[in-house]
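Subject: A structure for you to explore

Hi there,

Here is the structure I promised to pass on to you. Have a look at it first, and then read on for what turned up.

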Amino acid sequence: MLDGAAAIEASLAQIFAHHQTASYVGIVRGVDELADDVMMLNALVGMVPQGKTEINPAVNAIQTLVAARLSGTWRIALLQTTPAAFHGRPEAQAELTAQLQSAYQAHGLGAPLA
């Protein structure tokens, strides 16, 4: 677990320095106000590996982000990523992958990324 902006930045910098990054695709499913100055966003996310044009279903996920406004500035309080494995339900995995693929193509991103 990483604690604080500096630790998160250092960890991500190391990852991105040594790995080719995929194109990220997201579909926002909802934004809810939990309290004054506290919002929660739910999204479906996937990735298209570099040089490819298809979503990699093995890394599909469901994300929840909670943000709080502190002194007028929105800050992320929580980001949770849950793998969308859908164990024993291949039709659900295929449906999610199709939704993400459609979102990817709708944004003109159907050509391989170098």
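Let me start with a term you will need: accessible areas come from the Shrake-Rupley method with a 1.4 Å probe. On that basis the protein chain exposes about 7800 Å², and carbon and sulfur atoms supply 58% of this area. Please keep in mind that this is a predicted model.

**The overall picture**

The protein chain has two helices and four strands. Read from the N terminus, its elements follow the order α-β-β-β-β-α. The C-alpha trace spans about 40 × 35 × 30 Å along its principal axes. Of the 114 residues in the protein chain, 23% are buried. If you take the contacts between residues at least 6 apart in sequence, 42% of them join residues at least 24 apart.

**The sheet**

The four strands make an open sheet in the order β1-β2-β3-β4, and their pairing is antiparallel. Its edge strands are β1 (23–35) and β4 (73–83), each of which pairs on one side only. From one strand to the next, the twist averages 20°. Helix α2 (residues 90–106) packs on this sheet, where it touches β1 and β2, and its direction makes about 105° with that of β1.

Now for the pairs. Strand β2 (residues 38–48) and strand β3 (residues 61–70) run antiparallel and are joined by eight bridges. Here you can find valine 45 opposite alanine 61 in β3. β3 and β4 also pair in the antiparallel sense, over ten bridges, and in this pair arginine 69 stands opposite tryptophan 74 in β4. These two strands, β3 and β4, form a hairpin with two residues between them.

**A buried asparagine**

Is asparagine 60, at 2% relative accessibility, buried or exposed? Asparagine 60 counts as buried, because buried means under 20% relative accessible area and its value is 2%. Asparagine 60 lies in the loop between β2 and β3. Leaving aside residues up to four places away in sequence, asparagine 60 touches several others, among them Val45, Ile55, Pro83, Gln93 and Leu100.

Which residues make the nonpolar surface patch of about 570 Å²? They are Leu2, Ile8, Leu12, Ile15, Phe16 and Tyr24. Helix α1 (residues 5–18) gives the largest share of this patch, with four residues. Tyrosine 24 sits in strand β1. Since exposed means over 50% relative accessible area, tyrosine 24 counts as exposed at 55%.

Aspartate 37 has a positive phi of about 70° although it is not a glycine. You will find aspartate 37 in the loop between β1 and β2, and it is partly exposed, with a relative accessible area of 33%. Phenylalanine 86, which is not a glycine either, has a positive phi of about 50°. Its place is the loop between β4 and α2, and at 23% relative accessibility phenylalanine 86 counts as partly exposed.

Enjoy exploring, and write back whenever you like.

Best wishes

Methods:
Residues numbered from 1 in each chain as written. Predicted model: local features only at pLDDT ≥ 70, side-chain atom pairs only at ≥ 80, totals over all residues. Heavy atoms only, no water. Pairing = 2+ DSSP bridges. Axes fitted to C-alpha atoms, helices over the stretch in contact; angles between N-to-C directions. Contact = heavy atoms within 4.5 Å. Buried < 20%, exposed > 50% of the residue type's maximum accessible area, 1.4 Å probe, protein only. Patch = residues over 30% accessible without salt bridge, like charges linked within 9 Å, V, L, I, M, F, W, Y side chains within 5 Å. Salt bridge = Lys/Arg side-chain N within 4 Å of Asp/Glu carboxyl O.
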